[in-house]
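Here is a short report on one protein model. It looks at a helix pair and then at aromatic rings.

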Amino acid sequence: MIYRGKIIVAKASRKYFHSRLKLKYQDEALELKVYKSTRNFFKVFYFAFITLFGFYVYADTNYQSPVMFGSGDMMYLRSDWPYNHLPRFLKLYYMIGLSYHFEDTVHHLFHPAQNDFFEMLLHHYITLLLIVGSYMTGMWNSGIGVMIQMDNGD
């Protein structure tokens, strides 16, 4: 699903970026810049959606603090562990986040290496580890907040 979204956005925005960038770049440099621009254009839509969806999922909890635009209290964050209330759409939110980061990791491994290859590989590995780890240990109440903040940083 994520991969299809990237393909659709890339096809729709390719002409625009190509016409804007051809004045400054040529040949291989132009294609690389167009490719990066279309990928980043998709990321704008994805991260806006996933952040808003994360806040929507998080709103169903009693521990979403005013800092995260909620009315709850952070002292309830671990009060019911390991029997936490599972917010509505939490599994969908986790699956979308996991699929995006997994696809991005695979893409990173099979496309030409850049100068920050190992740093980004470590970033992807840690992100996948945090998503899977928080879900498997039942710490999704903390994981939601961390995922929202990490997605904003990306």
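## A helix pair

Helices α2 and α5 cross in a left-handed way. The model is predicted. Helix α2 covers residues 27–58, and helix α5 covers residues 140–153. Their axes come within 9 Å and cross at roughly 155°. Angles over 145 degrees count as roughly antiparallel, so α2 is roughly antiparallel to α5.

Both helices supply residues to the contact. From α2 come F47, I50, T51, G54, F55, V57 and Y58. From α5 come N141, I144, G145, I148, D151 and N152. Sorted by class, the contact of α2 with α5 has 7 nonpolar, 5 polar and 1 charged residues.

## Aromatic pairs

The count comes to 15 aromatic pairs. One of them joins Y16 and F17. Their ring centres are 5.4 Å apart and their planes stand at 70°, so this pair is edge-to-face. Y16 is partly exposed, at 46% relative accessibility. F17 is buried, at 16%.

Y135 and W140 form a tilted pair. Here the ring centres are 6.1 Å apart and the planes are at 45°. Y135 counts as partly exposed, with 29% relative accessibility. W140 is buried, with a relative accessible area of 13%.

## An aromatic cluster

Which residues form one aromatic cluster? The members are F49, F53, Y56, F89, Y93, Y94, Y135 and W140. The tilted pair of Y135 and W140 thus belongs to this cluster.

Terms used: Residues are numbered from 1 along each chain as its sequence is written. This is a predicted model: local features need pLDDT of at least 70, side-chain atom pairs count only at pLDDT 80 or more; totals for chains, interfaces and linings use all residues. Side-chain values use heavy atoms; hydrogens and water are left out. Axes are lines fitted to C-alpha atoms, for helices over the stretch in contact, and angles run from 0 to 180 degrees between N-to-C directions. Helices (H or I, at least four residues) and strands (E, at least two) are DSSP runs, numbered from the N terminus. Angles under 35 degrees count as roughly parallel, over 145 as roughly antiparallel, 65 to 115 as roughly perpendicular and the rest as oblique. A crossing is left-handed if the near helix is turned anticlockwise from the far one by less than a right angle, and right-handed if clockwise. Contact means heavy atoms within 4.5 Å. Ala, Val, Leu, Ile, Met, Phe, Trp, Tyr, Cys and Pro count as nonpolar, Asp, Glu, Lys and Arg as charged, and the others, Gly among them, as polar. Rings of Phe, Tyr and Trp (its six-membered ring) pair if their centres lie within 6.5 Å; planes under 30 degrees apart count as stacked, over 60 as edge-to-face and the rest as tilted. Buried means under 20% relative accessible area, exposed over 50%, partly exposed in between (1.4 Å probe, protein chains only).
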